[in-house]
Amino acid sequence: MNHTETDVAALRARVDELFPAIQADLEALVRIPSVSAAAFDQAHVAVSAEAVADLLRGVGLPYVRVLRSARPDGEPGAPAVVARRPAREGEPTVLLYAHHDVQPPGDAATWETDPFEPTQVGERLFGRGAADDKAGLMAHVGALRALTALGEEPGVGVTVFVEGEEEAGSPSFAQFLADHRDLLAADVIVVADSTNWKVGVPALTTSLRGLVDGVVTVEVLDHAVHSGMFGGPVLDANVLLARLVATLHDDAGNVAVAGLASAGEPEVDYAEADFRGDASVLDGVELAGTGTIAGRLWTKPAIAVIGIDATSVAHASNTLAPRCAAKVSVRIPPGTEPQAAEDALRAHLEAHAPFGARVTWTPGEQGRAFGAPADSAAMRAARAAFSAAWGTAPVDIGVGGSIPFIADLLEAFPQAAVLVTGVEDPDSRAHGPNESVHLGELRKVVLAEALLLRGVAGEA
Ligand SMILES: [Zn+2]
């Protein structure tokens with residue numbers, strides 16, 4: 001769908017008029033310290049859910065509820081808010097996702113402003129959750145307000161789903177989907193919890209890596225023996241595990257496990273200096289792998305050892321370790337199934353058992369990667385909306401990590417088109433101290449989302 005200049009201008013004027021109220025509502029949300037981490041007072045998360053419910057009642061959605069489902073441990077999950085206007089005959093349904101919980105503020109001394117007192121400095125609004133993800137929520141609210149202010153029904157069914165435990169790993173989300181599947185069913189899902197490429201350049205997040213992990217154990221002796229009496233003809237389990245782990249990468253640092261493939265190169269790259277700075281790479285340390293840095297982060301597999309069970313240095317004695325284990329974590333690109341990746345890793349580990357050591361694999365967690373179809377009606381509507389709002393086309397970006405609830409959503413609604421959008425930019429510092437949102441960009445996100453809702457209706 002093409003948006004005519006007059007239509008875009010009228011909607012932009014409406015968003016500009018509404019924006020002071022949108023910003024004020026965002027500030028009120030930031031003042032609620034809705035940290036979902038278990039060590040924090042969960043009463044604030046409940047207050048935040050009620051505030052979100054009030055905002056959604058205000059946009060005229062007839063159904064608004066605060067709902068909870070059980071976590072796997074039986075405890076109640078955090079309160080989520082669902083607001084809906086069901087689709088009329090022949091209309092598609094769009095699910096708008098955001099989360100109202102936030103990360104802990106961390107060390108207050110590292111903040112230049114109070115994390116829970118929203119503070120505007122120039123074009124940026126600082127505060128915990130100002131970007132992640134209370135601004136994502138306000139993008140949904142603002143878009144619906146702008147369309148309503150023009151007397152427009154979006155021409156789609158709308159469900160707004162605002163989770164309260166995303167920053168805690170969405171522990172009750174799978175159960176929530178099972179309990180409320182009918183409420184959340186949608187044709188298009190807009191997840192406003194990612195980032196744009198930079199101020200002035202929008203982005204669609206079209207790939208997220210998945211995850212496979214597990215524990216590899218190397219056993220070589222029945223019991224520990226004296227390293228002087230027995231060392232030499234037999235290598236200890238720590239050395240053998242190190243040799244086994246070393247086979248997971250080639251000399252350039254690329255993953256060397258047959259069957260773990262790359263998903264091609266992204267259209268934009270990450271500057272090496274930025275990567276070094278952001279990842280705090282020490283001077284003199286060379287980067288691993290080949291190809292673009294963005295590709296190494298988003299579309300290629302990565303393997304890390306995230307824990308080792310071995311004798312600690314404090315408890316070291318002159319013995320040969322009989323046994324050693326490592327937790328291995330594999331990030332998998334879109335296009336690779338988690339089970340296939342795990343099978344490939346396990347086969348590699350068993351085939352490379354050093355000196356015939358006993359190598360066993362204990363499976364851990366699996367999470368699916370996400371790759372948006374390059375050309376779907378929803379994607380075309382999103383590109384047109386973003387292009388009109390920013391005056392420049394969005395770039396496709398990836399995220400190296402996974403967003404667990406997206407995998408759950410895709411499992412529940414495999415036919416839905418998932419659009420991953422966001423309000424952040426590289427200076428937003430989500431999760432860190434001095435988090436902020438760029439208000440000029442937030443205004444464009446609101447406009448883009450209103451255009452997107454119109455566009456999806458136009459494609460139906
Ligand atoms: Zn978030």
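Biologist: At roughly what angle do the axes of α1 and α3 cross?

Modeller: This is a predicted model. In it, the axes of α1 and α3 come within 9 Å. The crossing of this pair is right-handed, and the angle between the axes is roughly 140°.

Biologist: How many charged residues does the contact of α1 with α3 have?

Modeller: On the α1 side the contact includes Arg14 and Asp25, along with Leu18 and Leu29. On the α3 side, Lys134 and Arg145 are among the residues that take part, as are Met138 and Val141. By class the contact has 12 nonpolar residues and one polar residue, and the number of charged residues is four.

Biologist: Are α1 and α13 parallel, antiparallel, perpendicular or oblique to each other?

Modeller: Helix α1 covers residues 5-30 and helix α13 residues 439-459; their axes come within 9 Å and cross at roughly 130°. Angles of 65 to 115 degrees count as roughly perpendicular and those over 145 as roughly antiparallel. The two helices are therefore oblique.

Biologist: Into which classes do the residues of the contact of α1 with α13 divide?

Modeller: α1 passes α13 in a right-handed crossing. The contact is made by residues including Val8, Arg12 and Phe19 of α1 and Leu439, Arg443 and Leu451 of α13. Its residues divide into two charged, one polar and 10 nonpolar.

Biologist: Which strands stand at the edges of the open sheet of four strands?

Modeller: The strand order is β11-β13-β9-β14, with antiparallel pairing, and the twist averages 20° from one strand to the next. An edge strand has a single partner, so one of its sides is left without a neighbour in the sheet. The strands in that position are β11 (302-309) and β14 (358-367).

Biologist: Which residue of β14 is the bridge partner of Val215?

Modeller: Strand β9 runs over residues 210-219 and pairs with β14 in the antiparallel sense over eight bridges. Within β14, the partner of Val215 is Thr362.

Biologist: Which helix lies across β9, β11, β13 and β14?

Modeller: The strands named are those of the open sheet. The helix across them runs at about 20° to β13 (323-332) and is made of residues 237-246. This helix is α7.

Biologist: How far apart do the C-alpha centres of domain 1 and domain 2 lie?

Modeller: Domain 1 is made of 5-208 + 369-459, and domain 2 of 210-263 + 300-367. Eight residues of domain 1 are in contact with 10 residues of domain 2. The distance between the C-alpha centres is 40 Å.

Biologist: Is the peptide bond from Asp132 to Asp133 cis or trans?

Modeller: Asp133 has its place in the loop between β5 (124-126) and α3 (134-149). Omega for the bond is near 5°. The bond is cis.

Biologist: What is the phi of His431?

Modeller: His431 sits in the loop between β17 (417-424) and β18 (436-438). This residue is not a glycine, yet its phi is positive, at about 75°.

How values were computed: Residues are numbered from 1 along each chain as its sequence is written. This is a predicted model: local features need pLDDT of at least 70, side-chain atom pairs count only at pLDDT 80 or more; totals for chains, interfaces and linings use all residues. Axes are lines fitted to C-alpha atoms, for helices over the stretch in contact, and angles run from 0 to 180 degrees between N-to-C directions. Angles under 35 degrees count as roughly parallel, over 145 as roughly antiparallel, 65 to 115 as roughly perpendicular and the rest as oblique. A crossing is left-handed if the near helix is turned anticlockwise from the far one by less than a right angle, and right-handed if clockwise. Two residues are in contact if their C-beta atoms, placed from the backbone, lie within 7 Å. Ala, Val, Leu, Ile, Met, Phe, Trp, Tyr, Cys and Pro count as nonpolar, Asp, Glu, Lys and Arg as charged, and the others, Gly among them, as polar. Two strands pair if DSSP finds at least two bridges between them. Domain bounds come from an automatic or database domain assignment.
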